[in-house]
Amino acid sequence: MEAANPDSPMRILLVVLLFAFAGLLAVDIEPSSTSRAAVTLPARITVRKPAPETVEVAFVRMGWVVRVQRVVPKGASAAEFALRELTQGPTRAERRKGIRTALPDRARLRSLRAGADTWFASFSRSTLGSGSADTKRMRLWQIAATLAPHGTREHAVLATEGRFVTTLRLGVRPGRWRGETGENDYLYVTRGVRLRLAELGYLERREIGAEDGYLTEQALMAFQGWEDLDRTGTVTGQTQLALFRAGRPRPAARRPGRRIEIHRDLGVLLMVEDGEVVRAVHTSTGSGGITPVGDFKVYAKVLYSWSVPFQVWMPYAAYFRGGIATHQSSDVPSYPASHGCVRLPEGEAERVYRFVDVGTPVSVR
């Protein structure tokens, strides 16, 4: 009888099953304390780098403003970097695409600071020193378009070497350039001066577009008085410097309700409401300091008052002590010249008259 073959298929199958069972058993009896890291590959963690900050710089192509992007260096101010890039002009690659700038090669940003509602940018004198009216208008447009995306500020006050030039409304294409030549040939724009005076409380918004030189003169007199400058009513070199750095006048006292403050030496009357100056007005008080100092109240309002001692009409009179009142006068010089009353220019007197009521506090300082 033939012996059984040790390599028979049945025997081989049993051996395979035995080894398979042993492998499963080894896995099942693996100690629970074994770290999963020993048997599992670590997951790859991907960290995304933040995208670099970019700004838009306004250049020119075919007579229109176009915006190109620049990457802001780490730690740099975005608005300041954008203006500095503007003065550097387009790159060679951008020039090959027809992109140009109206700013001259020597244009440079000197300083930039941010107010609550306004940017204050001072450039080199060459920035606006030469070129046609259309070229200068385009330069202003480029500056305004470059600053507009930064924050919610509505205006930009521009200066050259710290001297006021004009005020721009951001987001609006500047009007036609109408530059005037001031002291030492520093330029300024009269409409921009009026807009700045309105921002500071010396004019109303509706008066910005008026070509009335009297309104501008009186507003400048009030501004110069408050800033302790020579009261000329014109845009002097001192005035250009002050227009760039000045803030809105602040009253001596912050109280609720309406009141007026009369500052004799400065020649300024402040209309104050709830502690904020709503209007600053040029005035001329009593010569020799005859207008009394102190705290009073309006006790009478007379639309057309007749001065018996001086035989003269005093329109829009608001009396606050004896025969002393605020009133309109055709002669409101830059120095104290009245007999004690507070003289006010035409238009401003009516504004003060409408502002006060009987009982309104009056502070003379």
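This is a predicted model: local features need pLDDT of at least 70, side-chain atom pairs count only at pLDDT 80 or more; totals for chains, interfaces and linings use all residues.
Of the contacts with a separation of 6 or more, 54% join residues 24 or more positions apart.

Next, turn to the aromatic rings. The whole structure contains eight aromatic pairs. Select Phe 120 and Phe 244, an edge-to-face pair with 6.0 Å from centre to centre and 80 degrees between the planes. This pair links distant parts of the chain, since Phe 120 belongs to strand β4 (residues 118–123) and Phe 244 to helix α7 (residues 237–245), 124 residues apart. Phe 120 is buried at a relative accessible area of 6%, and Phe 244 is likewise buried, at 9%.

Move on to Tyr 202 and Phe 223, whose ring centres lie 5.6 Å apart with planes at 85 degrees, so this pair is edge-to-face. Tyr 202 is found in the loop between α5 (190–200) and α6 (213–226), while Phe 223 lies in helix α6, 21 residues apart from Tyr 202. Both are buried: Tyr 202 has a relative accessibility of 1% and Phe 223 one of 0%.

Then select Tyr 304, Trp 306 and Trp 313, which together form one aromatic cluster.

Finish with two charges placed over rings. Display Arg 173, which lies over the face of Trp 64 at 5.3 Å from the ring centre. Then display Lys 301, whose charged end sits over the ring of Tyr 353, 4.5 Å from its centre.

Methods. Residues are numbered from 1 along each chain as its sequence is written. Side-chain values use heavy atoms; hydrogens and water are left out. Contact means heavy atoms within 4.5 Å. Rings of Phe, Tyr and Trp (its six-membered ring) pair if their centres lie within 6.5 Å; planes under 30 degrees apart count as stacked, over 60 as edge-to-face and the rest as tilted. Helices (H or I, at least four residues) and strands (E, at least two) are DSSP runs, numbered from the N terminus. Buried means under 20% relative accessible area, exposed over 50%, partly exposed in between (1.4 Å probe, protein chains only). A charge sits over a ring if NZ of Lys or CZ of Arg is within 6 Å of the ring centre and within 35 degrees of the ring normal.
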